[in-house]
Amino acid sequence: RERRVRVRPTMKAKAAAAGTTTKRRGWVHTEVVFALIVVVSAVTLVLYHQLWITGGNYTAKCVLKPIPLVMLILFALYNYWRVPNHDTWLKVLGFVASLVGDVLLIPEPEEPTQAILPKLAVVSFFCAHVCYILSFTRELRRSWRASNLLVSLPFLAHFLALNYVSVGVFNAKHEAAVVYFLLITYTFALFSMAWLAVCRIGTSPAQNETSLSQKVVAAGACMFMYSDMILVSEIVWHQTFPFSGDFALMILYWAGQLCIGFSTLLYKRAAQKNQKKRQ
């Protein structure tokens, strides 16, 4: 049964329904707003690298790090206001949880009381992964394929390999069993999120979804996955991966979030287009 999505009418649509004309008030297109977000995020990344990673300016780190996520939250909320739907709302919650994780990673754990902040940040990012998983599952359950199990094999291999390597690290540190459980839970959510996003590619798009949206979300989820692998390796395992480092981490992390945020715009555009066809 087709699911109808309520779309808030624009000023132009209201005027057409009333039989009158209206002048444009100078509002820029949503695509232009997203392009500005990408440009501002790129400039922020460069400043973040120059002022904090290279220069060690702690104030710059506090100011610059939350900027891209704050813009994405406002952008996604606007798309949700125009086209209310559960999938966009879950992505907004994922952005909020990611922003909380970013804020928790800002202080330097120099004191024992601050050592728990990176662990809380991992919990916050776990909540973000759960929100994305719920969003992707809602979209994927309409067209599940048996071939999705084959797609899961590379992600399953990475999951087992990473957890196998971590066993030796934790045994050397004599960590408690609960740490093993938390690690397995987080990495399972991490790879499940990327796997579900990739599984959506090639399926028949759901209502108000396009094949471009599927590919954009899959690319964003994979970049988010690798950035979190770097984060976990530095916080929990004290290991490094190829191309690791704060700069590479932020590139992958912000690019992945931007892709997921762009999917909310594609959803809104598709919903407005479908509404015009029904009229």
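Trainee: Hi! Which helix is Asn79 found in?

Mentor: Asn79 sits in helix H4, which spans residues 67-82. A helix here is a DSSP run of H or I with at least four residues, a strand is a run of E with at least two, and both are numbered from the N terminus. This is a predicted model, where local features need pLDDT of at least 70 and side-chain atom pairs count only at pLDDT 80 or more, while totals for chains, interfaces and linings use all residues. Residues are numbered from 1 along each chain as its sequence is written, and side-chain values use heavy atoms, leaving out hydrogens and water.

Trainee: Thanks! Is Asn79 buried or exposed?

Mentor: Asn79 counts as buried, because its relative accessibility is 1%. Buried means under 20% relative accessible area, exposed means over 50%, and partly exposed is in between (1.4 Å probe, protein chains only).

Trainee: And what does Asn79 touch?

Mentor: Leaving aside residues up to four places away in sequence, Asn79 touches Thr30, Thr264, Leu265 and Lys268. A contact means heavy atoms within 4.5 Å.

Trainee: What's in the largest nonpolar core?

Mentor: That core has 57 residues, and Phe95, Phe125, Tyr132 and Phe136 have the most contacts inside it. Its largest share, 11 residues, comes from helix H8 (residues 177-199). A nonpolar core is a set of buried Ala, Val, Leu, Ile, Met, Phe, Trp, Tyr and Cys residues joined through side-chain atoms within 4.5 Å. In soluble globular proteins, nonpolar side chains tend to be buried together.

Trainee: Which residues does Phe136 touch, then?

Mentor: Not counting residues up to four places away in sequence, Phe136 touches Lys91, Met193, Leu196, Ala197, Arg200, Val217 and Ala221. Phe136 also belongs to a cluster linked by ring pairs, together with Phe95, Phe125, Tyr132, Phe224 and Tyr253.

Trainee: How many aromatic pairs does the count come to?

Mentor: The count comes to 14 aromatic pairs. One of them, Tyr48 with Trp254, is edge-to-face, at 6.2 Å centre to centre and 65 degrees between the planes. Rings of Phe, Tyr and Trp (its six-membered ring) pair if their centres lie within 6.5 Å; planes under 30 degrees apart are stacked, over 60 edge-to-face, and the rest tilted.

Trainee: New topic: which residues make the nonpolar surface patch?

Mentor: Val70, Leu74, Leu77, Trp89 and Leu93 make a patch of about 410 Å². Helix H4 gives the most, with 3 residues. Val70 lies in H4 and is partly exposed, with a relative accessible area of 38%. Like charges are joined within 9 Å, and nonpolar side chains (Val, Leu, Ile, Met, Phe, Trp, Tyr) within 5 Å. Accessible areas come from the Shrake-Rupley method with a 1.4 Å probe, and for residues only the protein chains shown count as cover.

Definitions and conventions: Patches are made of residues with over 30% relative accessible area and no salt bridge: like charges are joined within 9 Å, nonpolar side chains (Val, Leu, Ile, Met, Phe, Trp, Tyr) within 5 Å. A salt bridge is a side-chain nitrogen of Lys or Arg within 4 Å of a carboxyl oxygen of Asp or Glu.
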